[in-house]
Amino acid sequence: MVKVLLWGSLRSATGGQAEVEVEASTFKELLDRLSEDYPGLKPQIERGVSLALDGVIYREAWFTPIGPDNEVVLMPYMTGG
Amino acid sequence: MKTIPVSTKVNGDTVEFLCAPEETLLDALRNRLGLTGAKEGCGSGDCGACSVLVDGRLVCACLVLAAEAEGAEIDTVEGMAAGERLHPLQRHFIDSAALQCGVCTPGILVAAKALLDHNPDPSDEEVRYWLAGNLCRCTGYDKIVRAVQSAAAEMRGA
Amino acid sequence: MTRQDKIIREFKQVGTRPPRPDGIDKVTGRAMYGADVTAPGMLWGKVLRSPHAHARILSIDTAAAEALEGVKAVVTGADFTLPEDEFSRDVAVNCMAQDAALYDGHAVAAVAAVSEAVAKAALKLIRVEYEVLPHVIDVDAAMAPGAPVVQPGRAYENVPEGLSENVTSHCEFGHGDLAAGFDKADVIVERSFRTAATHQGYIEPHACLAAMGGDGRADLWCCTQGQFHVREVCAAIMGMESSQLRVTASEIGGGFGGKTTVFVEPVALALSRKAGRPVKIVMKRDEVFRATGPTVHSSIDVRIGMTKDGRITAAEAHLRYSGGAFPCGTVDMGAQAAFAAYDLDAVRTFGWNAMTNRPKEAAYRAPGAPQAIYAVESVVDELCQKLGLDPLEVRILNAARKGTKSAYGPTFDEIGLLATLEAAKAHPHYTAPLGPNQGRGLSCGFWFNFGGNTCVTMNLAFDGTVTITEGNPDIGGSRASISLMAAEELGIPYDKVRTIVADTASIGHNDITDGSRVTFAVGLATIEAARDAIARMCARVAKIWGIEPDAVEWKDGAVHPAGPNAGKFPPMSLAEIAETSPNTGGPIAGHHEVNADGAGVSFGVHLVDVEVDPETGATKVLRYTVFQDAGKAVHPDYVEGQMQGGAVQGIGWALNEEYIYGEDGRLQNPGFLDYRVPVASDLPDIETVILEIPNPGHPYGVRGVGETPIVPPLAAIANAVSRAAGVRLTELPMSPPRILKALSAQG
Amino acid sequence: MQYERPQSTAEAARLLHGATGPARILAGGTDLIVQMNAGMAEPALVVDIKRIAGLRDIVAEDGGFRIGAAVACAEMGEHAGLVAAWPGIVEGANLIGSTQVQGRATMAGNLCNGSPAADAVPGLVAAGATARIVGPEGERDCPVAAIPAGPGKTTLKPGEFVASFFLPARPARASDAYLRFIPRTEMDIAVASAAVNLVLAGDGSVAEARVALGAVAPTVRLVDPAGAALVGTRLEEDALEALAGACREACAPIDDKRGTIEFRTRVAGVLARRAALIAYTRAGGRT
């Protein structure tokens with residue numbers, strides 16, 4: 001199980017929880033599990049999310065391995081100028 | 001609409017073209033003579049990207065009618081280098097990294113040359129005020145001022 | 001792997017300042033920008049734009065325009081099939097209005113004709129019947145219940161019920177117990193701020209040339225920050241397959257985020273398809289201001305609590321942004337960036353986007369961050385004033401550092417903020433004396449930086465020179481820095497490398513030149529491509545020498561025997577290997593394709609002195625110093641150039657630049673006369689101090705540098721002006737009438 | 001559109017008289033061509049007056065100067081005699097737009113464009129300059145102050161155009177100054193402006209003073225009470241305060257994208273004070 005920190009406005013989809021636990025070993029699995037376990041997150045996940053793993057931001061890489069000791073933070077998909 | 005025949009000198013060469021009466025010199029240079037070094041950034045004399053010399057006087061080509069060029073001598077950025085030998089300003093702009101996107105560069109070079117032709121040893125403030133009509137959005141002007149000054153020093157033999 | 005096993009910090013060429021490869025073309029007028037290309041049989045396209053801020057389009061009669069001699073095609077919204085996905089659909093509707101004009105300048109029809117003059121005349125013959133609707137321009141007004149609705153039904157699921165339909169999204173970030181934090185504070189300052197919409201202000205207007213044939217294939221030449229993105233979005237709008245549309249990026253005359261999307265490209269394609277001839281569209285400057293992307297305008301409340309000794313105990317911000325007539329996610333980034341520079345136990349940011357009848361926002365250098373950080377850094381400065389504390393010491397005391405749980409969630413790795421603050425403290429600028437009516441301001445700045453999809457191909461010519469094919473338009477000197485990294489890795493001179501920016505048919509997908517990603521991601525891919533080519537060269541030489549590939553090694557630009565046991569062979573240089581490559585298996589190339597992560601965040605600190613004329617409210621910028629962590633400055637001239645250019649754009653934003661609307665909802669200053677970007681005589685020298693705290697995610701430790709520099713100037717100038725004037729300014733731009741008014745109000 | 005390049009003022013007048021649609025004079029073109037490029041002006045006839053003999057010359061006349069209508073502002077700055085006698089007029093003319101614009105722009109164009117914010121006009125008004133106007137009925141001379149009629153409007157009759165300006169002779173201790181306020185250091189339209197023209201008496205006190213304000217009323221305004229406030233003074237503080245007060249009193253500006261009523265009114269007084277001090281010093285006065 002990995003702990004995923006959600007940003008504040010997503011908590012309405014998780015019954016108010018700021019941090020949820022899902023069974024996942026990659027970014028892709030994590031997104032799939034989140035969508036299944038918390039259907040309210042699905043629209044945002046489809047619009048795009050980034051993942052911060054131990055402080056490094058990943059925007060798309062499905063197979064990024066995630067372990068139970070990693071700090072996992074979900075972030076909105078980001079763009080720049 | 002009647003077209004007007006114009007005979008003029010551009011960068012020392014006699015050229016002849018036909019233009020519409022309301023056509024600007026900038027459009028004639030770019031679309032009729034294939035000299036696309038001067039750019040249209042605003043069409044209102046506020047950005048200086050189309051700077052050229054008409055009879056030695058620095059102007060915005062977007063605010064000159066092509067028909068006014070009859071009998072005039074026009075100098076553009078394309079005429080600054082002598083063959084493969086760059087003008088010192090051109091060289092110092094490259095060496096001092098005084099350009100990024102480069103779209104304002106032709107206008108600034110023509111303007112800077114006009115400055116140094118009449119004031120070979122300008123202060124930084126004089127350079128900045130002379131070039132106030134040449135907008136650059138990439139560099140913050142710092143390296144442009146440095147490049148003009150180093151070219152000026154070289155041209156003075158300093 | 002995003003964390004590099006080994007970060008190289010000793011260089012022979014990286015860190016030097018050779019001339020840029022596009023220099024001669026750009027100083028001689030030869031460089032080809034968007035408007036500089038022509039094609040045989042080319043037509044001129046012109047766009048008709050709405051004079052109304054908000055209007056239903058009842059009918060468009062194009063018959064008279066079509067009948068004009070020389071007109072070859074007319075298109076309206078009816079000529080576009082809207083893509084399914086929301087993102088592309090919004091882009092399409094922004095390029096050509098459908099049933100409603102959503103802002104002053106919104107495109108409603110376009111013509112292609114044999115000359116610009118005929119096209120202009122044809123526009124006047126198009127009759128559009130409008131039903132003018134109520135409009136809303138200001139973000140706070142747009143959020144109020146009962147405001148005119150820009151587009152119905154656009155709110156995301158995360159917007160609570162009961163708000164104006166203009167509110168499209170809501171976000172919240174942060175951690176800790178705010179109430180407890182504020183209880184611990186000795187002083188709490190709460191302020192509201194407003195920032196005007198500003199435009200990227202690139203000197204080159206948007207321009208493109210489209211040629212589409214009856215077989216559905218097309219070529220498009222345009223000035224863009226991302227030819228692949230242009231391809232994807234135009235293909236979606238035109239109902240084409242991506243591979244049938246080849247997009248070539250011209251030299252680009254500035255972008256700053258504003259050329260990360262399309263405005264006229266699909267229109268030119270549609271006109272070309274209809275006319276069967278190439279069509280060129282070049283925007284006029286007023287079209288650029290009215291119809292391309294400015295940044296968001298904002299209304300922000302910030303509340304921060306501090307102890308007497310300067311420790312921040314709690315901080316919150318409410319951000320209301322408007323990205324114009326469409327949903328816009330920029331507030332998400334502002335809400336995440338707002339407090340990034342601080343190590344906080346209790347922090348919360350709340351963001352809202354609301355639609356207004358303004359043009360669709362386009363990214364502008366660190367989109368969303370300057371506004372939020374301006375408000376935060378202004379309040380921090382005011383707290384320092386109230387408590388009599390040194391503003392730099394307070395930032396150092398509260399600075400985010402390695403191990404800080406950032407305000408937006410993740411824990412920071414190696415970041416350069418503390419070193420940057422210390423550099424500012426040690427700089428003579430910080431302690432230089434100030435005269436009467438003068439003030440000094442400082443601000444931190446932050447940007448996330450991205451990597452993204454990147455392809456690089458490196459080809460060795462038989463004469464031992466190298467070409468690099470990459471896919472990111474060069475907006476700040478990237479061809480020079482990429483060539484430098486290739487030369488470094490290959491151990492050959494810089495001038496033996498030529499880097500070109502390829503069209504979409506010549507290399508794999510590359511993300512847009514944005515997010516300060518190019519030197520980082522393309523650089524990383526270039527280094528990897530070079531290592532790929534090196535592996536191939538080693539294999540060839542092993543074959544020539546008749547030894548195992550692992551018995552050779554690459555050193556100083558040549559293959560050597562890996563040790564005494566490998567045999568005695570004179571080293572073979574890259575040139576020698578390339579020359580014999582036809583005999584050893586054919587041409588040698590290296591390539592690398594990656595979706596790069598690990599870009600590494602970037603911090604900067606700006607220090608500025610200003611003088612305010614108490615009789616006129618005029619501000620003169622006297623001295624300006626930029627401190628920023630670049631990880632590794634590959635070509636320091638262009639790192640400095642980014643720092644200087646970003647600072648000056650921020651100075652313009654702080655003092656003079658703004659979108660000004662009339663009561664009628666029309667933009668009043670669509671030109672460089674009254675949209676006042678800084679001119680050379682407005683500015684002092686912009687001094688730069690580059691710090692190099694290696695980014696663990698890049699083989700040379702490089703961080704993106706392009707966006708961060710626009711973030712601190714807003715607050716740095718505001719803090720300096722407020723200190724010089726003796727009154728806190730809370731609205732940007734701080735134009736002279738606003739400053740004089742604040743001075744008089746103070747008495 | 002028809003483009004014509006007459007050789008004489010008479011020919012120009014004939015062309016204008018015979019125009020069948022909107023006709024415009026082209027000298028520097030820095031307003032006309034901007035308007036044409038923006039689609040705001042679509043003249044049927046453009047008469048380029050730069051080839052008319054004398055119109056590009058600055059010549060001495062009756063101890064003063066005659067300046068042709070087609071003389072570019074930059075050329076005025078290069079005329080040492082003119083700069084010495086009328087530095088305020090020259091600095092006003094040389095504040096119009098950029099170096100590039102100054103190479104083409106003319107005072108006549110600046111005047112006839114009818115902008116209340118025209119930089120060249122307050123100086124001319126303060127100087128008591130006259131314009132020589134050519135029209136279908138021949139030539140007439142008219143005070144510059146009588147030409148502006150409101151934003152974009154002049155009192156010129158159809159077919160008339162300005163051919164030259166006359167600046168009168170100067171006594172020894174006389175000078176002028178012009179200041180404007182703009183948000184940047186260059187390239188903006190004046191938000192408020194002031195020109196002050198002073199003649200000093202032998203004792204260093206002000207003998208004659210004329211003050212004109214720009215951008216604070218529908219036309220450039222000559223403010224007689226402001227001039228009167230300086231006469232007989234050596235620009236002591238109370239005189240300057242009276243000057244500023246008279247200037248503020250004379251302001252009737254608008255709120256627009258460039259400035260507010262309040263701002264323009266206050267700053268007009270500040271500029272008049274500062275310009276008066278410069279003109280006084282230039283005229284040899286010591287405060």
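Chain B puts 42 residues in contact with 43 residues of chain C. Contact here means that the C-beta atoms of two residues, placed from the backbone, lie within 7 Å. This is a predicted model: local features need pLDDT of at least 70, side-chain atom pairs count only at pLDDT 80 or more, and totals for chains, interfaces and linings use all residues. Residues are numbered from 1 along each chain as its sequence is written, while chains are lettered from A and ligands numbered from 1 in the order in which they are written.

Stay with chains B and C. Four helices of chain B each give two or more residues to the side that touches chain C: H2 (88-95), H3 (105-118), H4 (124-130) and H5 (142-156). Helices (H or I, at least four residues) and strands (E, at least two) are DSSP runs, numbered from the N terminus. H2(B) gives the most, with four residues. By class, this side of chain B has 22 nonpolar, twelve polar and eight charged residues. Ala, Val, Leu, Ile, Met, Phe, Trp, Tyr, Cys and Pro count as nonpolar; Asp, Glu, Lys and Arg are charged; the others, Gly among them, are polar. Four pairs of chains touch, and the B and C pair has the most contacts.

Chain B also meets chain D. This contact takes 25 residues from chain B and 20 from chain D. On the chain D side, strand S1 (2-4), helix H2 (32-37) and helix H6 (99-102) each supply at least two residues. H2(D) has the largest share, four residues. The chain D side divides into seven nonpolar, ten polar and three charged residues.

Now turn to chain A. No contact joins chain A to chain B, and their closest C-alpha atoms lie 14 Å apart. Chain A does not touch chain D either; there the nearest C-alpha atoms are 27 Å apart.
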